[in-house]
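Please read them with the structure open.

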Amino acid sequence: MPQLAYVDGRFLALSEAGVSVEDRGLQFADAIYEVAAVMNGALLDWPQHLARMRRNLAALFIDLAMSDAALTAIAGRLLRANAQRDALLYLQVTRGTARRDHPFPKAARATVIMTVRRFDFRQRVAQQRSGIAVITVNDMRWRRVDLKTTGLLANVLAKQDARAAGAFEAWLIGADDMVHEGASTNAWIVKAGRIITHPLSESILPGIARASLIRLARGAQIPVVERAFSLAEALAADEALLTSTTAPLLPVVRIDSVAVGNGTPGPVAARLAALVWDDIAAQTGWRP
Ligand code: PDD
């Protein structure tokens, strides 16, 4: 059976699925998206993804006449049809299709796209043992990166720089000299037993994995400080790490080729990763 995708009311073979060339998602990146993990056939943190999506739609005045229950039903149908146990669910909502003109079209209806693609979360278990490297680049994005829009060109270029340098991620350094976040992950350091991450603001994406880690760490009496940290501070940290849907928790052992701590994953990252995997197991039954 071919892979199925959902586009604008229809379930189609992924290879046949498409949108109009006049879709505003294509022409203006006038669109928001979500990526949710499917582990052991179950969606992780799905209500949180839906809630973030609603906030983004409201912030951009995109009307979506589809309930959370309807979106969940589509997701369920794609998961069953595609029969993946470990996958990424991708959901995009654009402002719709209209003749190209910058202002909002009067009569456009939002386009909804959903796909499910297999994803290997096991690779993260190996990367957790070795730790990963990041490079740093200037944060060239617009000023509302708290909104999860598909306008990701600066993130794409940063990630490509990371790949070219043999690194897993690029940390985006703001004009304020602070580490904002990664190209597709949130950034953390550990200092004297405290974990530190950029506060929620218009300069970072409010990651679902970030919120989970804060909740889990506080529940385990590990102090969390939400404040900005500089690259210099990160280079002098005891440990560093990153979080996201696609990498629930990975230790960062090198920043721009400089070892963090002793250059191997540290004890706080190991403890936090155990908390994260336990939470994933409780929600989905998936175990590393
Ligand atoms: N990226 N920061 C940025 C810029 C991101 O794009 C992402 C997610 C995160 C982490 O957010 P979350 O914990 O909700 O996944 C932080 C997704 C996975 C992507 O674009 O593929």
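**Notes on the predicted model**

1. Start with Glu169. Beyond its neighbours within four places in sequence, Glu169 is in contact with Ala133, Val134, Ile135, Lys159, Ala162, Arg163, Gly182, Ala183, Ser184, Thr185 and Leu242. Keep in mind that this is a predicted model. Glu169 lies in strand 8, residues 169-173. Is Glu169 buried or exposed? Its relative accessible area is 0%, so Glu169 is buried.

2. Next, the domains. The domain assignment gives domain 1 as 4-119 and domain 2 as 124-284. Their centres, taken over C-alpha atoms, are separated by 26 Å. Domain 1 puts 24 residues into the contact, and domain 2 puts in 19 residues. Between them the two domains bury about 1800 Å². Carbon and sulfur atoms account for 64% of that area.

3. Met39 has Ala42 of strand 4 as its bridge partner.

4. Asp8 has a phi near 50°, a positive value in a residue other than glycine. Asp8 sits in the loop between strand 1 (4-7) and strand 2 (10-13). Its relative accessibility is 36%, so Asp8 counts as partly exposed. Asp45 has a phi near 55°, again positive in a residue other than glycine. The loop that holds Asp45 runs between strand 4 (42-43) and helix 2 (46-59). Asp45 counts as buried because its relative accessibility is 7%, and the cut-off for buried is under 20%.

5. Helix 4 covers residues 122-130, and its buried residues are Arg124, Val125, Gln127 and Gln128. Why do these residues line one face of the helix? Seen down the axis of helix 4, they fall within an arc of 165°, so they line one face. They pack against strand 7 (132-138), strand 14 (250-255) and helix 8 (267-284).

6. Strand 13 has antiparallel pairings with strand 10 and strand 14. Five bridges join strand 10 to strand 13 in the antiparallel sense. Trp188 has Leu241 of strand 13 as its bridge partner. Strand 13 and strand 14 run antiparallel and are joined by three bridges. Ala240 has Val252 of strand 14 as its bridge partner. These two strands form a hairpin with six residues between them.

7. Follow strand 10 the other way. Strand 10 (residues 186-191) pairs with strand 11 (residues 194-197) over four bridges, in the antiparallel sense. Lys191 is opposite Arg194 of strand 11. The hairpin of these strands has two residues between the strands, and there Ala192 takes a positive phi near 50°.

8. Strand 11 also runs parallel to strand 12 (residues 224-226), with three bridges joining them. Thr197 is opposite Glu226 of strand 12. From strand 11 the chain crosses through helix 6 (residues 208-219) to strand 12, and this β-α-β crossover is right-handed.

9. Last, His198. His198 is in the loop between strand 11 and helix 6. Its relative accessible area is 6%, so His198 is buried. Not counting residues up to four places away in sequence, His198 touches Val179, His180, Ala187, Ser203, Ile204, Arg210, Arg227, Ala228 and Phe229.

Conventions. Residues numbered from 1 in each chain as written. Predicted model: local features only at pLDDT ≥ 70, side-chain atom pairs only at ≥ 80, totals over all residues. Heavy atoms only, no water. Buried < 20%, exposed > 50% of the residue type's maximum accessible area, 1.4 Å probe, protein only. Arc of directions from axis to C-beta. Contact = heavy atoms within 4.5 Å. Pairing = 2+ DSSP bridges. Right-handed = clockwise from strand over helix to strand, strands pointing away. Domains from an automatic or database assignment. Buried area = accessible area lost by both parts, 1.4 Å probe.
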